[in-house]
Amino acid sequence: MDDSEVLVGRPPLPVGTAGKITFVALPTGQIQARTKFRDFDGRIRLVAKHGRSRAAAERALKLALTDRQTPAGGGAIAASTRVAELARLWLDVPHGWSTGTERTYRSVVGNQVVPALGELRLREVTTGVVSRALRSIADRHGPSAAKSSKACLSGMFRMAIEDGAVSANPVRDSSTRISVGKKSPRALTPEETRTLTAWLRENERALALDIPDLVDWMLATGCRIGEALALRHGPNADGRPLLDLDANTWEVNATVVRVPRQGLIVQPRPKTAAGWRVVALPDFAAKLVGERPAGDGGVVFTAPLAKTVRDPSNASADLRQLFDSFDCETCAGTGFQLEPDGSFKIGSRGQRLRCDQGPWSWVTSHVFRKTVATRLDEAGFTPRQVADQLGHANPSMTLDVYFGRHVVSAVAARVLDR
């Protein structure tokens, strides 16, 4: 062979393309159409479909090839992928969610999205299908569940678009409007605050559950209940005390969350990035925590019996039952619905049913944050200062980027002091 001659082999199939279709007669009398297809991982695979005739088999094969010819991150997502599989892939991708957000989205996907749409393939999900599914979820589980489902579905289909499995987001184009009725904000008045805190100090159940100090702390700082339960003695990453009772400051840098298969943990970051803050403490609040013994890990507000990290959900339930019982004639001060004979009404899961007819049933731990915001607003604080106190998102990008945020004005401590 001359040195100038070069042997050139058959070039490989381009990624995402198929070779020549051949036909084979099967013993059953049907015809099988088959071809080689080079997948998006570079491997060549045999794809085969059968039908009662060559034309039927060829149509079935071409439909299968169409589904495979959508680039999908190594073949993970295609037009033929079911919604349930897309949901699994979407949840497995790191999103940077907080622990609570991830827990909520996994619950919504498992309990609402997958039962409603899980068996459909992506190419079968149209705007109309999504709209009907969201209306059904709203009817069965409420508008809040439908709103969360819409957010999850939109994120899932954005991922499918990025992989080329679909060309448009059917959720974005849905005309379904989900209205979650919002109650007008309500805060405790100064008189209501005094009445409530005094009652808690006199109530035996509240004292046994270690509620009065927790409520006082939230009213003194405007923190979230998870942040309050993460209050602890000890140094921060820079070696400075998180709770500085000499300077009357508290660095809010954590929250208590429940992690699947791990249990309760002190998450080393607040609910949001804006939640990190250092707040000045009123004198009564600094004295309050200074007199409390620290539990495991230096935690201040521990579980009533175990002296370990306290569950925010359990603490909220304790608060709700106490407030339901306060001055309520309907439930005779028990906080639960009663049968005509005076026994407790029992729900389908064997639980006592809540009585929400009392004059204080509207109060929740979040009302304490609204109360703090209202007191500061009445005192003439700017939205910037109130946002810093509560750990809300910054009202101005300029302030966020060009001004460091350190200790919130000590005037806040004087306003919230008693």
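Student: Which residue just after α4 takes a positive phi?
Tutor: Let's start with the name: helices (H or I, at least four residues) and strands (E, at least two) are DSSP runs, numbered from the N terminus. Most residues other than glycine have a negative phi. Just after α4, a positive phi of about 105 degrees is taken by Gly142.

Student: What kind of model is this?
Tutor: Residues are numbered from 1 along each chain as its sequence is written, and side-chain values use heavy atoms, with hydrogens and water left out. Local features need pLDDT of at least 70, side-chain atom pairs count only at pLDDT 80 or more, and totals for chains, interfaces and linings use all residues; the model is predicted.

Student: How far apart are the end C-alpha atoms of α4?
Tutor: Helix α4 runs over residues 127-141, which is 15 residues. The expected span of a helix is 1.5 Å times one less than its number of residues. That expectation agrees with the distance between the end C-alpha atoms of α4, which is 21 Å.

Student: Which elements do the buried residues of α4 pack against?
Tutor: In α4, Val129, Val130, Ser131, Ala133, Leu134 and Ile137 are buried. Buried means under 20% relative accessible area, exposed over 50% and partly exposed in between, with a 1.4 Å probe and protein chains only. Contact means heavy atoms within 4.5 Å. The buried residues of α4 pack against α3 (99-117) and α5 (143-162).

Student: And which elements do the buried residues of α2 pack against?
Tutor: Helix α2 covers residues 83-92, and its buried residues are Val83, Leu86, Ala87, Leu89, Trp90 and Leu91. These buried residues of α2 pack against α3 and α5.

Student: How much space lies in the largest pocket?
Tutor: On a 1 Å grid over the protein atoms alone, a pocket is an open set of points with protein on both sides within 12 Å along at least five of seven lines, a cavity is a set where a 1.4 Å probe fits but cannot get out, and lining residues have an atom within 4 Å of a point. Of the 21 lining residues of the largest pocket, Arg224, Ile225, Gly226, Lys271 and Pro312 lie nearest its centre. Grid points are joined across faces, edges and corners, and a volume is the space filled by probe spheres set on the points. For the largest pocket this space is about 670 Å³.

Student: How many polar residues does the lining of the largest pocket have?
Tutor: Ala, Val, Leu, Ile, Met, Phe, Trp, Tyr, Cys and Pro count as nonpolar, Asp, Glu, Lys and Arg as charged, and the others, Gly among them, as polar. The lining of the largest pocket has four nonpolar and six charged residues. Its number of polar residues is eleven.

Student: Which element gives the largest share of the lining of the largest cavity?
Tutor: The whole structure has one cavity of 30 Å³ or more. Among the lining residues of the largest cavity are Trp250, Glu251 and Val252. The largest share, three residues, comes from β5.

Student: Is Asp324 buried or exposed?
Tutor: Asp324 lies in helix α11. Residues that Asp324 touches, not counting those up to four places away in sequence, include Cys331, Arg354 and Ser361. Its relative accessible area is 1%, so Asp324 is buried.

Student: What relative accessibility does Asp327 have?
Tutor: Asp327 lies in the loop between α11 and α12. Although Asp327 is not a glycine, it has a positive phi of about 60 degrees. Asp327 counts as exposed because its relative accessibility is 54%.
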